[in-house]
Amino acid sequence: MQGAVDTVETPRGARVGPLRKVKGYIALTKPRVVELLLVTTAPTMILAARGIPDLWLVLATLVGGYFSAGSAHAFNSYLERDLDRRMKRTSKRPLVTGDLTPREALVFAWATAVGSTLFFGLLVNWLAAALSVVAILIYVVLYTLVLKRRTPQNIVWGGAAGCMPVLIGWAAVTGSVAWPAVILFGVVFLWTPAHYWPLSMRYRDDYAAADVPMLAVVRGRSAVGLQVVLYAWATVVCSLLLVPVAPMGLLYAVVAAASGAWFIVESHRLYAAAIRGDEDVKPMRVFHASITYLTLVFVAVGLDPLLQLPIPF
């Protein structure tokens, strides 16, 4: 009987203390995902400034970016709370555990969306604010409402939301969007499926139970492996386009090529194991490698303008 009472009362927030509420709101923003988004923002700002930009501007852009992305994730959690209850991977999210109510999550999502937009507009510039709104709309409307439950291509087009921080960072410094920023957008856009599809392979049963048509569910592991290989190659090629366009120096060229080669090799290993039908397929190895790869590339994006070592040819 006590368990039944807890089941009813906890989702209403009757027994959730202030600390759990705070932790719930933080979890609602998916800080580990946002951290990866912000890793791409600051280096892009350094590249746009060809040096160290105003540190207050960097701080304002990162804070605004955190709450903008956090808003999109809060809307996503509100709209997908039914899926989250059916998936083991998401069973600890605050709307599932009852740490937050759906109403609290929705109010938080709207408040952070409006607040981050005004914050960007007043402290950064209105182009950055507009781009942040576009990012929220892509993630919430295009990805969550339109694509997620309908097509295995959901992460491809919905992933464009995760590419917006590079455009926002560039716009924050220059007040415009230029070709180097577009190329970096392309890098993250092409990287996203190669990064996320191995995760969906690992949690295939979860997505199948929730009736989410991820590629691993509708096509199988070999199809995922092939697509990861193709997108990894496309990502690395796109990253190298930055060398002549930005232009970039020796540091970036070496890091992009070397880390890209490693990313491609790991992708091919996954594909080879998948087509052999190995039971010991390790998709999370590629997942973690993809994070390391993107981090190295953007660290090089930020360091290269500060050193600008010429390429010897």
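This is a predicted model: local features need pLDDT of at least 70, side-chain atom pairs count only at pLDDT 80 or more; totals for chains, interfaces and linings use all residues.
Residues are numbered from 1 along each chain as its sequence is written. Local features need pLDDT of at least 70 and side-chain atom pairs count only at pLDDT 80 or more, whereas totals for chains, interfaces and linings use all residues, and side-chain values use heavy atoms, with hydrogens and water left out.

The structure holds nine salt bridges, each being a side-chain nitrogen of Lys or Arg within 4 Å of a carboxyl oxygen of Asp or Glu. Among them are the following pairs.

| Pair | N to O distance |
|---|---|
| Lys148 and Glu80 | 3.1 Å |
| Arg269 and Glu266 | 3.1 Å |
| Arg285 and Glu266 | 2.9 Å |

In the salt bridge between Lys148 and Glu80, distant parts of the chain are linked, since Lys148 lies in the loop between α8 (126–147) and α9 (154–158) and Glu80 in the loop between α4 (55–79) and α5 (81–86), 68 residues apart. Helices here are DSSP runs (H or I, at least four residues), numbered from the N terminus. Lys148 is buried at 7% relative accessibility, and Glu80 is buried at 3% (buried means under 20% relative accessible area, exposed over 50%, partly exposed in between, with a 1.4 Å probe and protein chains only).

Arg269 and Glu266 are three residues apart in helix α15 (residues 250–276), and therefore about one helical turn separates them. Arg269 is partly exposed at 47%, while Glu266 is buried at 6%. Arg285, partly exposed at 46%, also meets Glu266 in a salt bridge; this pair links helix α16 (residues 283–307) to helix α15 across 19 residues.

Ser239, in helix α14 (residues 221–245), is buried with a relative accessible area of 0%.

Technical notes. Helices (H or I, at least four residues) and strands (E, at least two) are DSSP runs, numbered from the N terminus.
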